[in-house]
Structure formats: structure tokens, C-alpha cells
Amino acid sequence: MYRSEYTVIFKRLAFAFVLYPVTRIIFAAFNYNYFQNISISEFFLGMLYGLRFDLSTLLIANAIFILLSTIPVRLNWYRILLKVVFVISNTIFLGINIVDAEFFKFNGKKLTADVLAIGSDINAQIFQLMAYYWNLVIMVLLMSFILWKLYPRVKFDKHAHDVKVKIWLTPVISLLALVLAFIGIRGGLQMKSISPKEAFQFVKYEVGNLALNSAYSLVRSYELDGLKLVSYYKDDEDVLNDIKKFRNIAPGYLGHPGQNIILIIIESFSQEYINEGYAPFFSELAEKGLYYDNNFANGRRSVEVLPSLLTGIPSIIGEPIPLSQYQTNKFISLPQILKKHSYDVSFFHGGKRGTMEFDSYTRAIGIDKYFGKEDYPNQDHFDGNWGIYDHHFFDYMSDYLSSVNGPFFSTIFTLSSHQPYSVPAEFNGKFPKGNLEIHESIGYVDHSLKLFFEKAKQRKWFENTLFIITADHTQKLSKKEFLNTLGQYRVPLLLFHPRYDLGKYKQAKVTQHVDVFPTVLDFLDIEESNFLPYGASVFSKDPGRMINFIGERYLYFKPPYLLSFSDKPQSFAVYDDKLEAEKLVNEVDKQMVEELKHYIQFTNNGFIKNKLFKSTSSGYATSQNKL
């Protein structure tokens with residue numbers, strides 16, 4: 001081989017390397033609103049620090065190409081093979097970065113391996129998704145074209161003036177190239193490879209998400225081994241007792257036993273959309289019930305909401321519980337408890353069975369009546385993408401509940417406000433389109449909710465039913481007051497009962513998804529000592545908390561302060577009384593750090609030892625459940 005054939009390897013890698021920061025710029029452009037709170041200097045600092053992750057990503061992507069390039073074979077077919085490997089490898093990794101520019105809006109963090117758990121859902125919609133996000137497809141194809149067209153080549157007519165490398169040097173150069181590539185992949189000569197969490201060393205968390213390479217985050221997440229035992233405090237039992245001391249989670253014992261419960265989870269129903277007037281019926285209903293607009297989702301994805309609502313566990317172990325290695329742990333769920341009290345328990349989701357693994361998860365936590373798209377009698381109401389249009393599926397649930405004898409607990413998870421935000425043809429032009437593509441579908445879902453209540457009033461069960469309405473997570477946001485850390489989690493929580501004035505119980509507090517479990521038990525006057533201490537009944541005296549985990553950090557909100565915590569406190573912010581303005585504070589509240597550490601130890605050790613739930617003093621049976 002000639003010297004130029006070795007130097008061209010570095011030229012090819014350098015050429016590909018230039019494209020990785022370009023995908024970061026694309027990511028920033030697609031998520032412009034997310035980065036509004038960082039300065040120009042912070043933006044460029046994030047871009048600069050991200051080059052370290054780009055270099056590691058480049059070398060991971062091209063590991064096979066580098067290996068093949070060091071083999072002293074230069075036949076024509078081999079040169080073509082090298083080019084094909086180079087183009088395909090880099091297209092895949094650059095494509096991941098480009099796709100995450102849009103997926104980040106849904107996910108709230110850079111890609112990790114748990115996204116592959118919803119691969120079947122993506123595969124089922126691959127052509128629809130490609131058509132909807134055609135701009136991303138074009139960008140990926142353009143990257144591939146650039147890689148192919150501008151691929152640096154050796155000019156063989158100059159070999160006469162080139163230096164031929166001696167044969168004995170070939171293995172030495174090859175070994176040296178592989179060693180340097182290995183060091184580059186690890187991000188340097190330090191003891192351990194560069195970790196994705198090292199991107200979040202900046203004061204503002206947003207800068208970390210700018211610096212981190214999505215493809216690197218995805219690849220490195222395969223190495224995660226799960227939770228680690230924590231020993232902040234000597235005894236786990238003392239940890240639980242301490243939590244009960246700084247949280248006033250004793251129920252208010254409202255006491256309406258035997259009432260029906262309907263839990264409505266609206267897809268992507270951000271508090272911002274309500275404030276902006278896109279859900280007029282919901283706002284009207286909120287005036288008649290107990291409404292918390294400072295309520296928080298305990299996750300950023302649909303797959304995370306059911307454990308929060310139905311088992312009282314927020315999404316704080318780094319991956320969705322139903323997809324984690326702890327999915328076979330022992331759980332005590334709200335449906336299990338209510339079945340012990342002779343409740344009929346059901347779950348409705350208009351999507352195909354298997355979507356987000358809702359059917360298997362709900363079955364595992366005691367819901368034995370699951371109704372999906374395949375169960376619906378009229379497939380003409382299919383939206384062509386995900387499932388049955390919402391207003392039809394609301395009717396379907398209502399009809400079923402009218403056939404139930406005795407009290408029931410039923411959950412419906414809507415889907416029409418999911419991308420691509422389908423609205424039935426008969427409602428075209430009826431709802432405001434707004435300035436975000438989701439707004440029109442929010443109007444449709446709100447109208448579906450109105451139709452459901454109008455028909456429910458004619459049912460015998462209506463007068464004896466508590467309705468709980470919330471959302472799984474937020475979605476695309478546009479208002480500055482929501483473009484902060486808390487705003488990305490703010491979803492509504494509404495409790496409405498036709499016969500009881502629940503609004504008189506309103507307190508100045510924040511709420512979260514995990515409060516629903518104890519709230520239902522409190523409302524029904526069911527004593528259950530073993531629900532978890534993450535949440536508290538909205539009827540209790542507890543002022544409320546919010547706890548979450550995303551992108552290598554915990555978020556712990558105790559009004560008006562928000563603590564961001566990893567191995568050590570990362571930032572501490574104070575919010576105004578409307579939860580709109582976020583201001584960084586220099587001195588961290590040590591009490592909040594101690595409280596969060598209690599939760600971390602309780603969670604990690606509880607999951608690892610499978611002792612999160614213990615035997616209940618009230619005698620309810622528990623069982624080993626596979627999620």
C-alpha cells in the first residue's frame with residue numbers, strides 16, 4: 001500500500017466528522033423553543049463540548065470501516081466495499097441524530113436503548129411516519145448522497161510520485177490505527193469511557209442536551225446494568241419512616257364507598273393547550289370539579305404513565321418499569337385492590353393490541369378486561385393510523401359500563417391527539433388549527449369528551465361515578481411560560497362527581513400522577529397501608545411534591561424550589577407563584593437534597609431487593625406479577 005492510501009483514511013474520517021456537528025445544528029433548529037433560555041455563549045460552549053461526543057460517535061460508527069481499511073487489499077471490488085461500508089455506517093448514525101431532532105420533542109431526552117421496546121409500534125407505522133416526517137427522510141437521504149458523492153478518493157495516477165509503505169510496517173500502522181480508534185471511542189485515556197451524563201456538567205440542563213450526541217447516547221445505553229444499591233442511610237426501614245415524617249400522606253378519608261371510578265387519560269394534553277383555550281369543554285367542567293392546573297406527569301412517554309397512575313410509582317429508575325429488568329417484581333396495584341372490593345375492572349385503548357404493551361401490562365397488574373381496536377365492532381371508524389377515533393371509542397366504553405352489575409373502575413386512554421393528529425372527516429374545519437399542528441386534534445378530543453359526558457348523563461351509573469381526567473404527558477409547546485423544566489411536565493388533573501361538590505376541597509398545592517392512586521382509595525374510604533410514599537391523596541394536608549428522573553438526573557420539586565440532582569446537586573431553581581418564571585439560585589436547600597436521597601435509596605434498594613411493597617396490614621393479597 002502507498003502512503004496516500006493510509007492518509008486518505010484520515011481524510012475520509014475527517015470528512016464524515018464535519019457532518020456530525022451539522023446534525024447538532026439541525027437538532028437545535030428543530031428544538032428552537034427548548035433552547036430559548038440559553039445564551040449565545042452557552043450555545044457555542046455546548047456545540048464545542050459536543051465535539052468530544054461526536055468524535056467518539058464517529059469512531060464507533062466507522063469501527064468496521066477502519067478495520068477493513070487497514071487490511072492491505074486494494075482491488076477494485078474491495079475499494080467499492082469500503083465505500084459502501086463507510087456510507088451506510090455514517091448514514092445510520094447521522095440519521096439517528098436527525099431523527100432524534102423530532103423524537104426529542106416527545107421523549108424529553110436524547111435517545112436510549114429503551115426506545116427499541118416500542119419498535120413494533122414504529123414498524124407498524126413506518127410508512128405513515130416517513131410520509132409525515134418527509135423532511136427528516138429527505139435530510140437523511142441528503143446526508144447519504146453527500147457521503148457517497150464527496151467520499152475522498154485516492155488519485156492513483158500520482159502513485160508514481162507517492163511513497164510505498166514497506167510491508168513490515170503495514171501491521172504496525174494497522175495496530176496503531178486501531179489503538180488510536182479505541183482511545184477515541186473511549187473519549188480519552190481516562191479509566192472509563194466518556195459517559196453520556198458528562199454532557200450535563202453545565203449549569204443549564206439544556207446545554208447538556210445540546211452537547212450530547214443522540215447516536216452515542218443510544219449506543220452507550222446498551223451498557224447500563226440497572227440500578228445500584230444505595231447506602232446514604234444505614235437502614236432501609238428508617239428511610240421509609242423518615243419519608244413519612246417529612247410527608248403528610250395520611251388520607252383525608254372523604255369516604256364515599258362503592259362509587260364508580262372512571263379514569264380518563266388524554267393523549268398529549270398539555271396544560272398549555274387548556275390555558276390557550278383549545279379545550280373549552282374541559283375548562284367548563286373544571287369549574288364544576290376539583291381542578292389542579294399545577295399537576296405534573298411523572299414521565300415523558302405514554303408507556304410511563306400507567307405505572308404512575310395505577311401502582312403509584314413515578315418513572316424514576318431510568319427506563320419505563322414495564323420494559324425494565326424489574327418488570328417481574330412484586331407490585332400492588334389500584335385495580336388489584338378494587339377487585340378485592342368487588343369492582344369490575346376494565347381498560348380501554350382504541351389502538352391495536354400490543355401498542356406500548358398496554359395489554360400485557362394491564363393484565364399483569366390485575367386488569368382482566370382489556371378492550372382494543374380489534375374488539376371494536378365497526379372497523380370503519382379506524383383512523384388509518386393508530387386506532388379507533390376517540391368519540392367512537394368513548395361510546396364503546398360507555399355501552400360496556402352500562403352492562404356492568406355493581407361498582408366499576410374503568411380506564412380509557414385516548415389516542416386521536418397522537419401524531420399524526422387525525423380528526424374525523426365530519427369534524428374538519430370545526431376546531432381552531434392554532435399555531436401548532438396538535439391544536440386541532442386537541443379541539444376534537446375535547447369535543448369527544450363533551451359528547452361522552454352528554455351521553456353519560458343518560459346512563460344510570462352517571463350519578464354514582466367519580467371522573468378523574470388527566471394526560472399521559474405534554475407535547476409540543478410554544479408559550480414561553482411553559483418552556484422551562486416544569487412546563488414540560490405540566491398536565492391537568494380534574495376530579496368531577498355529579499353529586500358532590502369536590503371543588504370545595506381545593507387546596508393550594510401541587511399534584512402529580514402518583515397522587516391518583518391514594519386519592520381513589522381516600523375517596524372510597526378504603527384503608528390500604530401499603531401504597532407507596534411517592535404520592536398523597538389530593539384530599540390530604542400534604543402540600544404536594546413532584547419527583548421525576550430524566551436524562552441522568554432526578555428532578556425534585558417542592559414549591560417554589562426545583563432541585564436537579566445526579567451524583568451531586570446540579571442546579572437549584574426557584575419558581576414564581578404561577579410556575580412560569582424559573583430563576584437559578586446559588587445556594588441549594590440541603591433539606592431538599594436529604595429528602596430526595598431518601599427517595600433514591602427507597603427506590604433503588606426496593607427495586608433491587610424486590611421489597612418495594614411489603615405485606616399489607618389490611619389483608620389484601622399480593623402476588624408475583626409479570627408486567
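**A tour around strand β11**

Select G551 to begin: in the hairpin of β10 and β11, which has two residues between the strands, G551 takes a positive phi near 55 degrees. Strands here are DSSP runs of E with at least two residues, numbered from the N terminus. The model is a predicted one, in which local features need pLDDT of at least 70, side-chain atom pairs count only at pLDDT 80 or more, and totals for chains, interfaces and linings use all residues. Residues are numbered from 1 along each chain as its sequence is written, and side-chain values use heavy atoms, with hydrogens and water left out.

Next, select residues 546-550, strand β10, together with β11: the two pair in the antiparallel sense over five bridges. Pairing requires that DSSP finds at least two bridges between two strands. Pick N548 and its bridge partner in β11, L555.

Now show the side chains of residues 553-558, which make up β11. In a regular strand the side chains alternate between the two faces of the sheet. In β11, R553, L555 and F557 point one way, and Y554, Y556 and K558 the other way. Six of the six residues of β11 are buried (under 20% relative accessible area; exposed is over 50%, partly exposed in between, with a 1.4 Å probe and protein chains only).

Move on to β12, residues 561-565, which runs antiparallel to β11 and is joined to it by five bridges. Two residues lie between β11 and β12 in their hairpin. Y556 stands opposite L563 of β12.

Finish at D577, in the loop between β13 (569-575) and β14 (582-584). D577 counts as exposed because its relative accessibility is 70%. Draw a distance from the C-alpha atom of D577 to that of P559: the separation is 8.6 Å, with the two residues 18 apart along the chain.

Notes:
Helices (H or I, at least four residues) and strands (E, at least two) are DSSP runs, numbered from the N terminus.
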